[in-house]
Amino acid sequence: MPRHSETRRLPYTAQQMYDLVADVGSYPKFLPWCAAARIRSNEDRGDHEVMEADLVISFKVFRERFGSRVVLWPQIMKIDTEYLDGPFRYMKSDWQFSDAEDGCDVSFHVDFEFKNAVLQGIIGVVFNEAMQRIVRAFENRAAELYGKQG
């Protein structure tokens, strides 16, 4: 059951980073192993928005689609994601963004397990490196969109 948590201070506003992570449809443009994204539905519920989305993950010989429910909390700058269907036994992740003196703090947590033991084994070997690449991809995307600040 791989888990990863980290908090990074980035030279952008919390709003900029929230907007970047909330833009699930753009993930294939910059996220490693993300081959495609499709928004199934998007519903405004007043204080939060609920989006259902499919991502296609392509890693070595594996190509899998999975669906997730993404709950966007703009007032508190938080994004929660839970697994709906696909290759996972379960998957949950969350992002929290808060303004700081010289930018913002971005906290990320993910916990998941694949149904496929072979895929779980492969991911287990490279999991920490994979999570670091994903976080770096968001950082690089922020630099591309907002310029290198700070």
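**Fold and packing of the predicted model**

From the N terminus on, the elements of the chain follow the order β-α-β-β-β-β-β-β-α. This amounts to two helices and seven strands, where helices (H or I, at least four residues) and strands (E, at least two) are DSSP runs numbered from the N terminus. The radius of gyration of the chain is 15 Å, close to the 15 Å that the globule rule gives for 150 residues, so the chain is as compact as a globular protein of that length; the radius is taken over C-alpha atoms, and the rule is 2.2 Å times the number of residues to the power 0.38. The structure is a predicted model, in which local features need pLDDT of at least 70 and side-chain atom pairs count only at pLDDT 80 or more, whereas totals for chains, interfaces and linings use all residues. Residues are numbered from 1 along each chain as its sequence is written, and side-chain values use heavy atoms, with hydrogens and water left out.

Along the principal axes, the C-alpha atoms of the chain fill a box of roughly 45 × 35 × 25 Å. The accessible surface comes to about 8100 Å², of which 49% belongs to carbon and sulfur atoms; accessible areas come from the Shrake-Rupley method with a 1.4 Å probe, and for residues only the protein chains shown count as cover. Of the 150 residues, 45% count as buried (buried means under 20% relative accessible area, exposed over 50%, partly exposed in between; 1.4 Å probe, protein chains only). Among contacts (heavy atoms within 4.5 Å) between residues at least 6 apart in sequence, 48% join residues at least 24 apart.

The seven strands form an open antiparallel sheet in the order 1-7-6-5-4-3-2; two strands pair if DSSP finds at least two bridges between them. Strand 1 (3-10) and strand 2 (34-44) are the edge strands, each pairing on one side only. From one strand to the next the twist averages 15°. Axes are lines fitted to C-alpha atoms, for helices over the stretch in contact, and angles run from 0 to 180 degrees between N-to-C directions. Strands of a sheet pair through backbone hydrogen bonds, either parallel or antiparallel.

Strand 1 pairs with strand 7 (residues 103-114) in the antiparallel sense over eight bridges, and Leu10 has Cys104 of strand 7 as its bridge partner. Strand 3 and strand 4 run antiparallel and are joined by 11 bridges, with Ile57 opposite Glu64 in strand 4. The hairpin of these strands has two residues between them, and Lys60 takes a positive phi near 50° there. Strand 4 is also joined to strand 5, in an antiparallel arrangement, by seven bridges. In strand 5, Ile79 is the bridge partner of Leu72 and Lys78 that of Trp73. Four residues lie between the strands in the hairpin of strand 4 and strand 5, where Met77 has a positive phi near 55°. Five bridges pair strand 5 with strand 6 in the antiparallel sense, and Glu82 stands opposite Lys92 in strand 6. The hairpin of strand 5 and strand 6 has two residues between the strands, and Gly86 takes a positive phi near 130° in this hairpin.

Helix 1 (residues 14-22) lies across strand 1, strand 3 (49-59), strand 4 (62-73), strand 5 (78-85), strand 6 (88-100) and strand 7, and runs at about 160° to strand 6. Helix 2 (residues 117-146) packs on the sheet and touches strand 1, strand 3, strand 4, strand 6 and strand 7, its direction making about 165° with that of strand 7. Helix 1 is mostly covered, with seven of its nine residues buried; these are Ala14, Gln16, Met17, Tyr18, Leu20, Val21 and Ala22.

Glu139, found in helix 2, is buried with a relative accessible area of 18%. Not counting residues up to four places away in sequence, Glu139 touches Arg8, Leu10 and Tyr12. Ser68 lies in strand 4 and is buried at a relative accessible area of 5%. With the same exclusion of residues up to four places away in sequence, Ser68 touches Met51, Glu52, Ala53, Thr81, Glu82, Tyr83, Leu84 and Met91. Ser68 and Leu55 are 13 residues apart in sequence and 8.2 Å apart in space, C-alpha to C-alpha.

Over residues 10-139 the chain is 25% helix and 52% strand, and the end C-alpha atoms are 8 Å apart.
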